[in-house]
Amino acid sequence: TERIDFESVSISNDWGKLLAKGKATLPANPSWDFDFELSGLDPAVADQRLSGSLQMTGRTSGSIETQGPVADVWIDSLDGDLNGYPVDGKGMLSYADEQLLFDSAVLRVGDNQVDLDGSYGEKLRINANMRFSDISQFGIGASGLLTGDIRLVSDLTTVEASGSLNGENLAFENYAARELSATFDLPAASTGNALLMVADARVDDMLLSTGRLSASGSAEAHVLQADFLFESLSGNVQLDGGITDENWSGAIQELALRGEQLGEWTLREAADVSVSTSSFNVGKACLITASNTGIACGMLDYALLGPSRFDVSVSELPLAAFPVNLPDGATVEGAITAQASGAYANQRLTANATLDIHKLGLTATFEGDEVAARFDRAFAEVSIVDNRLTGELEFQLSNDTDRVTGELEITDVFDQASPLSGHGSLELNDLGLFSVFYPDLTNPVGKISGSVDVA
């Protein structure tokens, strides 16, 4: 056996610098024992949004045995700064019998801390305890407070997980939530449950006052339930289903939407749903009102690489239920009847759609006086054949003279440079219509008429 002593070893590159000293034995059952120091580590290597400098000191020892390598790494200290916040950490890694163990790992960045231990071999095991008092200190564009405990065991075919998460004032890009809480207990071979709740959440410009999502059962048979409340809309949905051969199939058992202007719409009967890596299918699902005067139905067959088709229709849907941007004091009346259906295959779309608004009316009040515009006809129709779109629209006021009409043609709806042509005409003999949209415009008078051609 030959022993080699290393008084000093130095290696450096753009990532940082390594200094080490120790000993190694060769050739039978090679082994090593080194003290090491890593300095000048640049966190921007992992993510360009990160800045600072990190240092690490520790020791490693191990040997190459007949049954395989054995190694231990003790990280005595990890310090420095990350985005201007102090870093402090330590931990231990060991490898034997084709299994990597990590134990007593602690990492602190500013006011945030995570404790971690686990293993990776035939199974992945992770136990993590997080106390993130200010996520913004990580410098990844997120902010807020997040605490939780997570336990995970997986053999890459099954997953067992349990734990809880709690967050406050969370934000990332276009997403935000004032409160978030999650609990889950998901055994690998028996039934489990999970619960997610959010309050005052935002996705882009959509605001969710409260939301609740729960799941119970097993992978093969489970129930998903959700309740939500927006500013002017609330609802609930329940799905039953299971996973077989990496495909999910089930049915929408309950679906209800409620709103002051919308009224209440409920699912007429269960609708089949299936999801796979290559397709998404929803059987015919219909929502009806309590009086059965309104009905909305839809179906979808979507294939990632194959043909897709859709069919959607709605009758007597209150226009006031939509978030139309009108001046203060203005209201909109009317009910929508619409239909759209089509198919997409080989990058070609063929579809038809119609929109008819019955009893469309716009009303505004200015200095105690009511200004109203009512339409006898508000209609639009679109047809697409092999990506070529043709359409027309007509809005006619109840005075039988004022109207807006238009025709449009686009050679290829999927080509932004595609030629566009059309014709439009306008005839307004009563400019009082503008008072609906501009209440400060007092008693406008006059006549507007004309036409425009686009080619």
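Predicted model: local features only at pLDDT ≥ 70, side-chain atom pairs only at ≥ 80, totals over all residues.
Colleague: Why is Leu 267 called buried?

Modeller: The relative accessible area of Leu 267 is 14%, and buried means under 20%, so Leu 267 is buried. Leu 267 is found in strand β18, and, leaving aside neighbours within four places in sequence, it is in contact with Ile 252, Gln 253, Glu 254, Leu 255, Ala 285, Cys 286 and Leu 287. From Leu 267 to Gly 167 the separation is 100 residues in sequence and 34 Å in space, C-alpha to C-alpha.

Colleague: Which residues touch the most other members of the largest nonpolar core, and which elements give two or more residues to this core?

Modeller: The largest nonpolar core has 25 residues, and Leu 317, Leu 319, Ile 336, Ile 357, Leu 360 and Phe 375 touch the most other members. Two or more residues of this core come from each of β17 (247-259), β18 (263-267), β19 (271-275), β20 (279-289), β22 (308-318), β23 (331-345), β24 (348-366) and β25 (369-385). Outside the four places on either side in sequence, Leu 317 is in contact with Leu 262, Trp 265, Phe 322, Gly 334, Ala 335 and Ile 336. A second, separate core of 18 residues includes Leu 54, Met 130, Ile 135 and Phe 138. In soluble globular proteins, nonpolar side chains tend to be buried together.

Colleague: How do you know that Leu 156 counts as exposed?

Modeller: Exposed means over 50% relative accessible area, and Leu 156 has 72%, so Leu 156 counts as exposed. Leu 156 is placed in the loop between β10 (142-154) and β11 (159-172), and together with Leu 93, Tyr 95, Leu 100 and Tyr 120 it makes a nonpolar surface patch of about 480 Å².

Colleague: Why is Ser 162 called buried, and which residues does Ser 162 touch?

Modeller: With a relative accessible area of 17% against a limit of under 20%, Ser 162 is buried. The place of Ser 162 is in strand β11, where, not counting residues up to four places away in sequence, Ser 162 touches Asp 149, Ile 150, Arg 151, Phe 184 and Asp 185.

Colleague: What is the phi of Asn 169, and what is the phi of Asp 200?

Modeller: Most residues other than glycine have a negative phi. Phi of Asn 169 is near 50°, a positive value in a residue other than glycine, and Asp 200, which is not a glycine, has a positive phi of about 50°. Asn 169 is found in strand β11, and Asp 200 in strand β13 (residues 192-203).

Colleague: Why is Asn 169 called exposed and Asp 200 partly exposed?

Modeller: Exposed requires over 50% and buried under 20%, with partly exposed in between. Asn 169 has a relative accessible area of 51%, so Asn 169 is exposed, while Asp 200 has 39%, so Asp 200 is partly exposed.

Technical notes
Residues numbered from 1 in each chain as written. Heavy atoms only, no water. Patch = residues over 30% accessible without salt bridge, like charges linked within 9 Å, V, L, I, M, F, W, Y side chains within 5 Å. Areas by Shrake-Rupley, 256 points an atom, 1.4 Å probe, with all protein chains shown as cover. Salt bridge = Lys/Arg side-chain N within 4 Å of Asp/Glu carboxyl O. Helix = DSSP H or I, 4+ residues; strand = E, 2+ residues; numbered from the N terminus. Buried < 20%, exposed > 50% of the residue type's maximum accessible area, 1.4 Å probe, protein only. Core = buried A, V, L, I, M, F, W, Y, C linked by side-chain atoms within 4.5 Å. Contact = heavy atoms within 4.5 Å.
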